[in-house]
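Trainee: I have a new model open. Can we go through it together, step by step?

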Amino acid sequence: MAHRLQIRLLTWDVKDTLLRLRHPVGEEYAAKGRAHGLEVEPSVLEQGFRQAYKAYSRSFPNYGLSHGLTSRQWWLDVVLQTFHLAGVRNAQAVAPIAEQLYEDFSSPCAWQVLDGAEDTLRGCRTRGLRLAVISNFDRRLEGILAGLGLREYFDFVLTSEDAGWPKPDPRIFQKALRLAHMEPAVTAHVGDNYLCDYQGPRAVGLHSFLVVGPQALDPKVRDSVPKEHILPTLAHLLPALDRLGGSTPGL
C-alpha cells in the first residue's frame with residue numbers, strides 16, 4: 001500500500017499572496033508629495049520607484065543589513081531616490097515625505113486582504129495544519145498582519161530582516177523549519193513568485209504551490225511548474241493539498 005503524504009506545516013508569502021497595497025505606489029507617493037507642495041505625476045513616480053527599488057535591492061540587498069543600514073533608512077533612501085528620478089532634486093523637501101510614507105505603509109490601512117485569504121487560512125487551521133509566514137519584508141509586517149486580523153492564524157512570522165537572508169536563500173527556509181521543528185517533507189510553501197516561492201523552497205526539500213491569479217503565466221514558468229502545483233486562486237489550495245496527499249514525498 002502506497003504511503004500517504006500528510007502536510008503538517010504551511011508557510012506563506014504575504015505581499016500579493018495574502019495582502020496587497022490598497023493603492024498603487026505612484027499614487028501614494030504623488031498624494032504625499034502634493035500634500036507637501038510637490039506636484040509629480042503618479043506614473044512618473046511609479047516608474048521612478050521601480051527603478052530605485054530594483055537598484056537598491058541589487059546594491060543593498062535585504063534592506064542593506066550587511067552594509068550597516070536599517071530597513072527604515074533603506075526605505076527612506078528609496079523614496080528619496082524615487083523622487084530624484086522623477087525630477088525632484090531637493091532632498092530636503094522630500095525628507096519629510098519619505099518619513100510620512102514610511103509611517104503610512106506601516107499602517108494596516110495601507111493594505112487590503114486579498115479575496116479568499118482569510119477563508120483559506122481559517123480552512124487550513126480547521127484541518128489542523130500549522131501555519132507560518134516566510135516573507136521578504138521588514139519588521140513592520142507583524143503589526144500590519146495584526147491590524148488586519150491575520151496574525152492570529154500563524155505560529156510565527158519570519159521576515160527576511162529578522163532571518164538575515166531573503167528568499168530564495170535556502171537559509172531562511174531552513175530557519176523556519178527549525179522554528180517549527182518540522183521536516184521539509186511535511187512542509188509546503190505558498191506564494192506568488194516563481195523564484196522565491198516555488199523554486200526556493202523546493203531546493204531545500206519543501207513542497208510548494210505557485211499562486212498565479214488571473215494573469216497569463218510566463219511560458220517558461222508554465223512549462224516548468226506541474227499543473228497541480230499552480231493555484232489560480234487561494235480557494236484552490238485545499239483541493240491541491242488533498243491531491244498532494246496521494247503523492248509521495250519529493251514529487
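Trainee: Is Thr70 buried, partly exposed or exposed?

Mentor: Remember that this is a predicted model. Buried means under 20% relative accessible area, and exposed means over 50%. Thr70 has 46% relative accessibility, so Thr70 counts as partly exposed.

Trainee: Where is Thr70 found?

Mentor: Look at the helices α2 and α3. Thr70 is found in the loop between α2 and α3.

Trainee: Which residue's backbone nitrogen does the side chain of Thr70 reach?

Mentor: A polar contact needs N or O atoms within 3.5 Å. The side chain of Thr70 comes to 3.1 Å from a backbone nitrogen. That nitrogen belongs to Gln73.

Trainee: What distance separates the C-alpha atoms of Thr70 and Gly123?

Mentor: Along the chain, Thr70 and Gly123 are 53 residues apart.

Trainee: Which element gives the largest share of the lining of the largest pocket?

Mentor: Start with the pocket itself, which holds about 1100 Å³ of space. It is lined by 38 residues, with Lys15, Tyr53, Tyr63, Trp75 and Asn136 closest to its centre. Elements giving two or more residues to this lining include α1, α3 and α4. The largest share, five residues, comes from α2.

Trainee: How many residues in the lining of the second largest pocket are nonpolar?

Mentor: About 350 Å³ of space lies in the second largest pocket. Its lining has 14 residues, among them Asp16 and Arg20. Four of the lining residues are polar and four are charged. The nonpolar residues number six.

Note on methods: Residues numbered from 1 in each chain as written. Predicted model: local features only at pLDDT ≥ 70, side-chain atom pairs only at ≥ 80, totals over all residues. Heavy atoms only, no water. 1 Å grid on protein atoms, 1.4 Å probe; cavity = no way out; pocket = protein on both sides within 12 Å on 5 of 7 lines; lining within 4 Å. Points joined across faces, edges and corners; volume = space filled by probe spheres on them. Helix = DSSP H or I, 4+ residues; strand = E, 2+ residues; numbered from the N terminus. Nonpolar A, V, L, I, M, F, W, Y, C, P; charged D, E, K, R; others polar. Buried < 20%, exposed > 50% of the residue type's maximum accessible area, 1.4 Å probe, protein only. Polar contact = N/O pair within 3.5 Å; in protein donor to acceptor, adjacent residues only side chain to side chain.
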